[in-house]
Amino acid sequence: MGLIDKLTGTKRPADGVAPRSVTEVRAALLGLNGSDVPYVIRDGGAEGADLVAEWRMLEPAWQTFFARTRVSRVSQVRMRLVPEKNEVRSLDQQCEVTWVGDTPGLSISGEAQRGQVQTVSKRWALGRGKGGGLEAVETFSFDSSDLKKPLHEAVLGAGWTWRGVITGKL
């Protein structure tokens, strides 16, 4: 892996993994959907992409989960399937989350970020540890890799390359 690959978040499949068809890759990515995961992979035509993966912030069934966690930023992953190169090109769009009571609102962040965005939020509380001293205890953790890792695994498992976009078109 070269420096550019590292900067863009490019990942390549293991040696010997035969590339599958674009239909199979699309099906593998859409197959990650489920009622038990806090994200959805959907058609991305409105965003100029083939597929979009995003958090289910606005879905009533998941609002209580996200309201409890009070995340301030989330990312959306836009994907373009490029069968000629057996690769999925990806571009992240970061959004800010505003809260009014327990209802989230999404707005495009003032920051412009391309390539791979990593968001990690943690919350800690002070309390007494087992030894009686003060101790910091993690009470909450939110990591954008919980969305990206399954996407990477599906693409690499299908023998395709995951390529993050920094410049140019998706």
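**Note on salt bridges and a surface patch**

1. The model is a predicted one.

2. R26 pairs with D43 in a salt bridge, where the closest N and O atoms are 3.5 Å apart. This pair links distant parts of the chain: R26 belongs to helix α2 (residues 22–30) and D43 to strand β1 (residues 39–43), 17 residues apart. D43 counts as partly exposed because its relative accessibility is 48%.

3. Side chains of opposite charge can pair when their charged atoms come close. The whole structure holds 8 salt bridges. Another one of them joins R80 and D50, with 3.1 Å from N to O. Here too the partners sit in distant parts of the chain, 30 residues apart: R80 is in strand β3 (residues 73–82), and D50 is in the loop between β1 and β2 (51–55). R80 has 27% relative accessibility, so R80 counts as partly exposed.

4. Salt bridges with shared partners connect D5, R12, E87 and R163 into one network. Is D5 buried or exposed? D5 counts as buried, because its relative accessibility is 12%, under the 20% limit. R12 is partly exposed, with a relative accessible area of 46%.

5. Apart from charges, there is a nonpolar surface patch of about 420 Å², made by L3, I4, L7 and I166. I166 lies in the segment after β8 (161–164). At 37% relative accessibility, I166 counts as partly exposed.

Key: Residues are numbered from 1 along each chain as its sequence is written. This is a predicted model: local features need pLDDT of at least 70, side-chain atom pairs count only at pLDDT 80 or more; totals for chains, interfaces and linings use all residues. Side-chain values use heavy atoms; hydrogens and water are left out. Patches are made of residues with over 30% relative accessible area and no salt bridge: like charges are joined within 9 Å, nonpolar side chains (Val, Leu, Ile, Met, Phe, Trp, Tyr) within 5 Å. Accessible areas come from the Shrake-Rupley method with a 1.4 Å probe; for residues, only the protein chains shown count as cover. A salt bridge is a side-chain nitrogen of Lys or Arg within 4 Å of a carboxyl oxygen of Asp or Glu. Helices (H or I, at least four residues) and strands (E, at least two) are DSSP runs, numbered from the N terminus. Buried means under 20% relative accessible area, exposed over 50%, partly exposed in between (1.4 Å probe, protein chains only).
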